[in-house]
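I opened the notebook to log what I looked up. The entries follow the order of my checks.

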Amino acid sequence: MAIKQKLVFRFPPSVVEQPFIYRLVRDFDLMVNILRADINPDKEGRLMLELSGSEPDYRRAIEWLKQQGVRILNLKQQITWNEDRCTHCGACSVICPSGALELSRPAMTVTFDESKCIVCELCLKACPARAMKTLLEQAR
Amino acid sequence: MGIERTYEEINHKIRSGKAVILTAEEVLDLIAGEGAAGAAKKVDVVTTGTFGPMCSSGVFLNFGHPKPRIKMSEVYLNGVPAYAGIAAVDVYLGATALPPGDPRNRNHPGEFRYGGGHVIEELVAGEEIRLEAHSYGTDCYPLKKIETAFRLSEINEAVLYNPRNAYQNYNVAVNLGQKTIYTYMGILKPNLGNANYSSAGQLSPLLNDPLLKTIGMGTRIFLGGGVGYVTWHGTQHNPSVERGENGVPKTPAGTLAVAGDLKQMQRRWLRGLSMLGYGVTLQVGLGIPIPILNEEIMSYCAVRDEEIFAPVVDYSRVYPYREAGNLGLVSYAELRSGAVTIKNRQVPTASLSSYAGAREIARTLKEWISAGKFTLTRPAAPLPSVEAGIQLQALPQRNPDEGGF
């Protein structure tokens, strides 16, 4: 059984030096497609990626990562769309590079497809009504 | 001789529940089937709507006096300065006002997280607003400083008074430059990366009455989710521009000044906005009913997005430096399709004005009228139209110390 998952790894400051990606490829035979990597204001490393491979390898890899202290989250929940704040202007639709935010026609309303979101965060400031939020902002 | 109706006849039908009302979008199918003459016979009122960022907006507030009294000369609402150069406890809070400590564009593009538009939104939502006022003290108004909090229901008056709303048509903004620019028309990516527009097109109030034959001073309207009135022509009102055969202007033209009691408006239709790298503003919901007095009025409401054209303007150079020329005209049908052709290239489009919001406003106004809650007003005076010969001025730039007129 093959598996393909979009995930977010969050590395506590103590483990950021380790070559996790190299190990995922070498020890677990997984394919890695990195979407984005950064260090957030809390000095925590954050990596957004797509992992694919066989299901047993994938499960072993996730188990190993957790043992190393890596927090693993579903990429889908990283950016949230506050529909109450959205005025459906559509200004986001030309800024979003992955087509996650689109203006659906003929309804002329904005739709957000989480599965297409690559967490680039360009929408956060491009939305005049500030209807897009990150998990990080919401936690505060 | 086609149908003729008076305001009185229309209002009589509204009160007796017999008026036929369609939105400016719904009426298009009827006109396609029966022509303007046929449609004019059947329809009494066409409703319009628009929901876009409108910077020339704000509220007049009267706080009532504290004890002892104060002549407020410097006023902040949630940290945002309001204009206090009028009577003792009257202020005007403008939509684009920023707190003195806001970093603006020092770290470009500035975020502009909070300002006048946001305060107005929170006011109308009934949230508590922090008020700080300073004064120099007089014999009749001794208090020199007050810090307090209030809600909209606790002050005497709050009147939304917008000097320029409901622009009749607008530019399509593009960027011919090499780097991203941040404008009141949104983020414009370099090398024609996107084209942003801001009009409800075929649903827009002034595009359905292009020569202002029914909309005038005193026209009752949907404003911010409540009832408001047209109070004057808007600032920069410019009816003398080039028009198509249908009377529709090909560039930004007419504007409206509008007012209404903030206390009966809704947060949903007054939204504080943050335009990256530009500033804050207010998104205003506005809708106007058009009385179908005759076939001619109906023929104006027949206008479709395919027949409304807007100029494409370069905001990297031409707009800011007042250079002449544009990149041609595009229709709102193309704009609303998601891409337009400019310089033989397909350019993705986005709107700053919410078409879905405009549609909902036109429908809401239709419901109000259908329910007999909202009747139409004959203007107390017309607004200046083409025959007024208005010419827009540029600001004189001369040495103020010379001259001696």
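I began with a term: a salt bridge is a side-chain nitrogen of Lys or Arg within 4 Å of a carboxyl oxygen of Asp or Glu. Under that rule I found the side chains of B:R378 and B:E8 joined in a salt bridge, 3.1 Å from N to O. I placed B:R378 in the loop between α6 (355-370) and β26 (381-382) of chain B, and B:E8 in helix α1 (residues 7-15) of chain B, so the pair ties together parts that are 370 residues apart in sequence. Over all chains, I got 29 salt bridges from a search of the whole structure.

I noted the ground rules next. This is a predicted model, where local features need pLDDT of at least 70, side-chain atom pairs count only at pLDDT 80 or more, and totals for chains, interfaces and linings use all residues. Residues are numbered from 1 along each chain as its sequence is written, chains are lettered from A and ligands numbered from 1 in the order in which they are written, and side-chain values use heavy atoms, with hydrogens and water left out.

How confident is the predictor in chain A? I read an average pLDDT (the predictor's confidence in each residue, from 0 to 100) of 91 for chain A, with 96% of the residues scoring at least 70.

I listed the elements of chain A: four helices and eight strands. These are DSSP runs numbered from the N terminus (helices H or I, at least four residues; strands E, at least two). Along the sequence I read β-α-β-β-α-β-β-β-β-α-β-α for chain A. The C-alpha trace of chain A spans about 50 × 35 × 20 Å along its principal axes.

Then I checked a helix pair. Which residues of α1(A) and α2(A) meet? I found A:F20, A:R23, A:L24, A:D27 and A:F28 in α1(A) against A:D57, A:R60, A:A61, A:W64 and A:L65 in α2(A). Contact here means heavy atoms within 4.5 Å.

Last, I took the interface. I counted 28 residues of chain B in contact with 22 residues of chain A. The buried area between chain B and chain A is about 1900 Å², and carbon and sulfur atoms give 52% of that. Buried area is the accessible area (1.4 Å probe) that two parts lose on being put together, summed over both. I logged two salt bridges between chain B and chain A. The side chains of B:E121 and A:R85 form a salt bridge at 2.8 Å, N to O.
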